[in-house]
Protein chains: 2
Amino acid sequence: MKKYAEMTKAELQAELELVEKQYEALKDQHLSLNMARGKPGKEQLDMVSDIAEVLKADSDYMCDGIDARNYGNLEGLPSCRKLFADVLGVQPENVFIGGSASLQLMYDTIAKCYTHGRVMSDKPWGRYDVVKWLCPAPGYDRHFKVSETFGMQMITVPMTPTGPDMDVVEELIRDPEVRGMWCVPKYSNPDGIIYSEETIRRIASMKPAAKDFLLMWDNAYCIHEFFGDYVPFPDILGECAKYGNEDMVFEFASTSKITFPGAGVSVFACSVRNMDYMKKLLGAQIISYDKVNQLRHIRYFKDRDGLLALMKKHAGILGPKFRCVLDALDREIAPLGIAEWQRPNGGYFVSVNTMPGIAKATWQLCKEAGLTMTGAGATFPYGKDPKDSNMRVAPSLPPIEQLEKAMEIYCVSMRLAALRKLLAA
Amino acid sequence: MKKYAEMTKAELQAELELVEKQYEALKDQHLSLNMARGKPGKEQLDMVSDIAEVLKADSDYMCDGIDARNYGNLEGLPSCRKLFADVLGVQPENVFIGGSASLQLMYDTIAKCYTHGRVMSDKPWGRYDVVKWLCPAPGYDRHFKVSETFGMQMITVPMTPTGPDMDVVEELIRDPEVRGMWCVPKYSNPDGIIYSEETIRRIASMKPAAKDFLLMWDNAYCIHEFFGDYVPFPDILGECAKYGNEDMVFEFASTSKITFPGAGVSVFACSVRNMDYMKKLLGAQIISYDKVNQLRHIRYFKDRDGLLALMKKHAGILGPKFRCVLDALDREIAPLGIAEWQRPNGGYFVSVNTMPGIAKATWQLCKEAGLTMTGAGATFPYGKDPKDSNMRVAPSLPPIEQLEKAMEIYCVSMRLAALRKLLAA
């Protein structure tokens, strides 16, 4: 197969007629498929549903001398703090166990900046006319939505194969109105990139002009390998502390992609100074989070090794799905030279960069053929991808036979969009 | 027994010597008792712990065609919305199911006023220098803490036997800086008062100067009778709508005192206009709340009748505890004329008003004898009871034999504080 860029107009025209026929044939199947969100598939959920069985007798609800069924222990059950401290490589005193969603903890952390300010802030951020925020992109659309809902001025930072472009970051943080930054350090959403040691060192040692700069370290995929062995990651709290930046960072994680999405437990980790401050503020918001669910997780996993063992089982389900996506792209798209993509070993996404100007059109063609993809542009601040190129493929939800069909639609749609674009040029 | 106020100085002195001996004898028992918070007792928790058993097979997790284990349905499972709509007397479309704590929903509702404003606001409340708030008192300390954390200027409204003093309220809401009000309409915390029909009509028909006035209707004890039959309550959304005030009110409830405190489900109910607005804002905060826990509650209760049947069982445990408190007060305190108290049929508290100036001293004496009570003053804004008189007794947590001992300490402490006060006068 020839690259599209090397085809003559006549060859492109012939290819277009062929691909249009393929597309119409797929459309005629009236499918309804979804690769839009990082939702675990049913097989993954079934695999962990025995977590419901760990609490039976009344005495099962006692943990650390605490009745998990009653009010109290705002910061979470000690055993649960220990479990996640071991996962994140921090101390239990650095860990706060929240509700069923780390997104809510992230939102709350930023909301409190706006209503109260950070522990070292001069005033609540709601009192500033402008709050600027660094958004490495492509990035996680829900992070950007949080920034957007608070009216932040989002500044796009390019992603490199080793993480955010730190030359750009180091320049931008000289502006005292730049008050924070989103990061997904391991298997970044959507690129699946692991930040390099050098990138992490440069982030941890930043000296932002804003003294209340907030590093939002969303370690959503910290133990989420689907190919190969577990990859260790540095403890960002410790890294920041090396440079006197221990109060700069909040780290987040959850079991949404370990047990149940939106029904697991979430955590943040931070310095003791931040913890004391957050506990004071959170104490006005809630008496205590759901400790019964915390207890289910403690009993089910027992320790970090128990968690890592389960993640191997998730990999057994997710690995073949990612293989399916990558194989289809390698087979159908690579020879045509109309897109490039990352080859992650973990996380929940494959990030595809099409030739400029066809992501939206590809998305639309997919939709019309019954395949819902993440909105083109969603991986950029304000939903605007300047190149109209990045597309996030989320292979986790569909069963493998549906996934094959979905990738057929996706590849044919992308070819069609590329051909139309090239022929219109 | 003579009333203390009618005793001569010599009689008071003799009584003091007697009561001091009783107090010292109690202190020598080195007890550790707690009547501080409205925590359900172990017997209540054990009674509902079989809720863990309702989800067993993978297929059990399907509800309304939705897999409760996965992301989605921000506003909650339809069946769960229906269940609470039936309890509150509203439509399912008016009901939003939140996480494990209604306090968090209340906090979030007010936090969004500060960061975004209400749907009809001119600007976020964080942009105002002053936000005033009406606090019927005695009231719920955690409500007042929410107001305090946002820097509201709290204005105390006296409670009457039929609810907040509406003459005072109607005068205060003429101030456009007064933007809201806390209410616990059924078995108010701590008084256990049910707002009268007339009070509710006057609240629902208010015409506050602030167009974004927020009526926070915390129906925490809406089905929480411990003596006698279930008492119906009016639907506040419908009442407000009668007067064109449908967007003024948010109603809150939870199962914290039905299943597990801090591990149940919480709800708010509001107009469709408010719901659309809140869903837009909450959609930036969370993908979906814990639907697995929602499903447990649906399966466990089935419908409103199921809930009411369980509340009868709670009454079987709580009724004797409240009887114990009231009997002790009737026996030990009533003849002395040093306090008065409410006689609620539901809720979680007995509100005691001592003679002025001895609540703090009574609290301190209790503490030194090993009994923790709700802080004196906690039932008033800023923790300041102008008469130093109101004390909240929470009989739910201790087993009945401990409760008898706790009431012994409480009554002796109050007598001692009264005698010292009278003799110092």
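A residue counts as buried if 20 or more other C-beta atoms lie within 10 Å of its own, as exposed if 12 or fewer do, and as partly exposed in between, with C-beta atoms placed from the backbone. By that test, strand β13 (residues 350–354) of chain A is mostly covered, with 4 of its 5 residues buried. The model is predicted: local features need pLDDT of at least 70, side-chain atom pairs count only at pLDDT 80 or more, and totals for chains, interfaces and linings use all residues. Residues are numbered from 1 along each chain as its sequence is written, while chains are lettered from A and ligands numbered from 1 in the order in which they are written.

**Terms for elements and contacts**

- Helices (H or I, at least four residues) and strands (E, at least two) are DSSP runs, numbered from the N terminus.
- Two residues are in contact if their C-beta atoms, placed from the backbone, lie within 7 Å.
- Two strands pair if DSSP finds at least two bridges between them.

**How the two chains relate**

- Two copies of a chain are related by a rotation about an axis and a shift along it.
- Here, a rotation of 180° with 0.0 Å of shift along its axis superposes chain A on chain B, at RMSD 0.0 Å.
- That is the relation of a two-fold axis.
- The same surface serves both copies: 100% of the contact residues of chain A recur in chain B.
- The superposition is by least squares on the C-alpha atoms of residues with pLDDT of at least 70 in both copies.

**The interface between chains A and B**

- Contacts link 46 residues of chain A with 46 residues of chain B.
- On the chain A side, the elements that give two or more residues are α2 (42–48), α4 (102–115), α5 (141–149) and α10 (291–301).
- α4(A) gives the most, with 6 residues.
- This side of chain A divides into 23 nonpolar, 12 polar and 11 charged residues.
- For these classes, Ala, Val, Leu, Ile, Met, Phe, Trp, Tyr, Cys and Pro count as nonpolar, Asp, Glu, Lys and Arg as charged, and the others, Gly among them, as polar.

**Domains of chain A**

- Chain A is divided into domain 1 (4–45 + 311–424) and domain 2 (60–307).
- The bounds come from an automatic or database domain assignment.
- The centres of domain 1 and domain 2 of chain A, taken over C-alpha atoms, are separated by 31 Å.
- 23 residues of domain 1 of chain A are in contact with 26 residues of domain 2 of chain A.
- On the domain 1 side, α11 (304–333) and β15 (390–393) of chain A each supply at least two residues.
- α11(A) gives the most to that side, with 5 residues.
- By class, that side has 13 nonpolar, 8 polar and 2 charged residues.

**Strand pairs in chain A**

- Strand β12 (residues 339–341) of chain A pairs with β13(A) in the antiparallel sense over 3 bridges.
- There, E340(A) has N353(A) as its bridge partner in β13(A).
- β13(A) also runs antiparallel to β15(A), joined by 4 bridges.
- In that pair, the bridge partner of N353(A) is N390(A).
- Strand β11 (residues 266–269) of chain A is covered on both faces: S266(A) and F268(A) on one side and V267(A) and A269(A) on the other are all buried.
- β11(A) pairs antiparallel with strand β4 (residues 95–97) of chain A over 3 bridges, and F96(A) has F268(A) as its bridge partner.
- β11(A) also pairs antiparallel with strand β10 (residues 249–254) of chain A over 4 bridges, where E251(A) stands opposite A269(A).

**The sheet of chain B**

- An open sheet of 8 strands has the order β4-β11-β10-β9-β8-β5-β6-β7 in chain B, with mixed pairing.
- β4 and β7 (163–164) of chain B stand at the edges, each with a single partner strand, so one side of each is left without a neighbour in the sheet.
- Strand β5 (residues 132–137) and strand β6 (residues 153–160) of chain B pair in the parallel sense over 6 bridges, with L134(B) partnered by I155(B).

**Helices of chain B**

- Helix α10 (residues 291–301) of chain B is mostly covered, with 10 of its 11 residues buried.
- Among the buried residues of α10(B) are V292(B), L295(B), I298(B) and F301(B).
- Their cover includes β2 (62–63), α3 (78–88), β4 (95–97) and α11 (304–333) of chain B.
- Just after α10(B), K302(B) takes a positive phi of about 65°.
- M166(B) lies in helix α6 (residues 166–172) of chain B.
- M166(B) is buried because 20 other C-beta atoms lie within 10 Å.
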